[in-house]
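Please have the sequence and the model open while reading.

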Amino acid sequence: MAADPAELYRELIPEDKRLDPTWIESLTERGHALDRGISGSKKDNTLKYIGMPVGGIACGTLIMDGAGQLYSWDIFRGRPLGVVKQEIPLPEGYQGFRNGRIKKMRPLDGANYMNPPTFDQFAPPVQQGFKLTVDGERAFLIGPQDWETVEFTGRWPLGTVRYADPDCPVEVQLDAYSPFIPLHVEDSKLPATILCFSLTNPTSESHTIVLEGWLGKDAKDVASHPIDRSEFTAVVLEFADASQKKRRGSLGLGVLDTAKAFTQDNVSGLRVSIDLAPGASRAVPLFIAWHFGHHAYTHRFDTATDVIGYIARSYLRLSSDTHSWVNTWSDTTLPHWFMDRSMASASTMQTANLQFAGDRFWAWEGIGAGAGTCTHVWGYAQTMARLFPSLERNLREKTDFGLYQLPDGGVPFRPSKDKQKVAIDGQCGIVLRSYREHLCSVDDAFLARNWPSIKKAVEYLIAFDKSDDAYDGLLDGQQHNTLDAEWRRPQGY
């Protein structure tokens, strides 16, 4: 007999949890009705719950919703925050901040969790979109409005949207992603989004399709330039600083195809014409790229045009390797829900939560808040170390041991020149993570370089243990930890 949830909470983890055996079996049954991947549909109004990062690692934040629309363009600053500026009234009965004086949830305190941003709620700062015109007649905007059916399937980092309508004779599919290739950091932190439109004509007649994409930004300091190269066609918006003496950044739209550039109402775009014979298919890869001084990519590229050029020349490899990773991760008998949840947190890497200061990698503790790659919070993270071990080795060598380890071996839990407080769980984590980084290395070079610092980190813990005159393995004394508390008695934790 299944348990009554209203009563079960009264018991303290009972040995017999009285869970429904059928439900337990469903958790591991591949193909079960409950074994669904990440998906959304216009039919049941679930597209609004989807927001997938589609930018490179540490290149800012750009999100695609379930209908293929781009929003949350936090790419224009050298150090983006990754949050939409909004304040949410606190729920009734909530005590509030600072003894109740602050009655609204602020952006960095969780407003974006209480009210997740959507394309409709917060108008993008960029006029951007795509449109298909069929046989010179009916036009269909990419989004939820003009199509009878819109279906999203997510296998992060790849998001697939399928569009269908009785008035559209061709089948339309959008595959959106930023190149993501584990073990290859440089090709996984490109400031770009690939949007590949696949068009198929299942009818017995030929059809002419015009695919348009555009970019625009209302500002006096923006100039648009068409670019026609052998590898690609593009339009690029150049942003000047207030003095107009130098370029502040650039944002571009490119296509791996023959296209015509156009400008209309301060919006610049590309137009691709396609003749589809009966039964024919055509893929049209478009790229949105940006360059606004983020340290993740400034050492490789000077402008958004350079980024588009690199992707155009490397498109087949970048696309093939990204799809190979997606297919490899999905090639398993384990349930879809389990695989999706195991990898979901890795999408954080494709947001502004990750940053570079020169060649030194770091991250916020939470979205836009808590700098310093906090040693105890980030001590839980495992995915990045397995997919991109060089980033974790960078943290150990350039931050923990390179800049901030104290003479006594302690590593401040929020490394900075002014803050030297050590979190005891973060300190233990530094040692364990160093061992992990060694295990994820091809040889013992990392361990050899950092052994003196690792040894000092262990000696800090040994000295802490001795502080109560007992080498008993239980740390005693004031111990700051991830619960934002101070423990003062012997702890096995």
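**Helix packing and strand pairing**

Helix H7 (residues 389-400) packs against helix H8 (residues 424-439) at an angle of about 130°, and their axes are 9 Å apart. That angle makes H7 oblique to H8. The model is a predicted one.

**H7 and H8**

- The crossing of H7 and H8 is left-handed.
- On the H7 side, the contact is made by Glu 392, Arg 393, Leu 395, Arg 396 and Asp 400.
- H8 contributes Ile 430, Arg 433, Ser 434, Arg 436 and Glu 437 to this contact.
- Sorted by class, the contact of H7 with H8 holds seven charged, two nonpolar and one polar residues.

**H7 and H9**

- The axes of H7 and helix H9 (residues 445-466) come within 11 Å and cross at roughly 25°.
- Angles under 35 degrees count as roughly parallel, and H7 and H9 are therefore roughly parallel to each other.
- H7 passes H9 in a left-handed crossing.
- Arg 393, Arg 396 and Glu 397 of H7 meet Phe 446, Arg 449 and Asn 450 of H9.
- By class, four charged residues, one polar and one nonpolar make up the contact of H7 with H9.
- Arg 393 and Arg 396 of H7 take part in the contact with H9 and also in the contact with H8.

**Three-stranded sheet**

- Three strands form an open sheet with antiparallel pairing, in the order E2-E3-E4.
- Strand E2 (51-53) and strand E4 (70-74) are the edge strands; each has a single partner strand, so one side of each is left without a neighbour in the sheet.
- From one strand to the next, the twist in this sheet averages 25°.
- Strand E3 (residues 61-65) is joined to E4 by three bridges, and the two run antiparallel.
- Met 64 stands opposite Leu 70 in E4.

**Five-stranded sheet**

- Another open sheet has five strands in the order E8-E7-E13-E18-E17, and its pairing is antiparallel.
- Its edges are strand E8 (138-141) and strand E17 (260-264); each has a single partner strand, so one side of each lacks a neighbour in the sheet.
- The twist in this sheet averages 25° from one strand to the next.
- Strand E7 (residues 127-134) and strand E13 (residues 207-216) run antiparallel and are joined by eight bridges.
- Phe 130 has Gly 213 in E13 as its bridge partner.

Definitions and conventions:
Residues are numbered from 1 along each chain as its sequence is written. This is a predicted model: local features need pLDDT of at least 70, side-chain atom pairs count only at pLDDT 80 or more; totals for chains, interfaces and linings use all residues. Side-chain values use heavy atoms; hydrogens and water are left out. Two strands pair if DSSP finds at least two bridges between them. Helices (H or I, at least four residues) and strands (E, at least two) are DSSP runs, numbered from the N terminus. Axes are lines fitted to C-alpha atoms, for helices over the stretch in contact, and angles run from 0 to 180 degrees between N-to-C directions. Angles under 35 degrees count as roughly parallel, over 145 as roughly antiparallel, 65 to 115 as roughly perpendicular and the rest as oblique. A crossing is left-handed if the near helix is turned anticlockwise from the far one by less than a right angle, and right-handed if clockwise. Contact means heavy atoms within 4.5 Å. Ala, Val, Leu, Ile, Met, Phe, Trp, Tyr, Cys and Pro count as nonpolar, Asp, Glu, Lys and Arg as charged, and the others, Gly among them, as polar.
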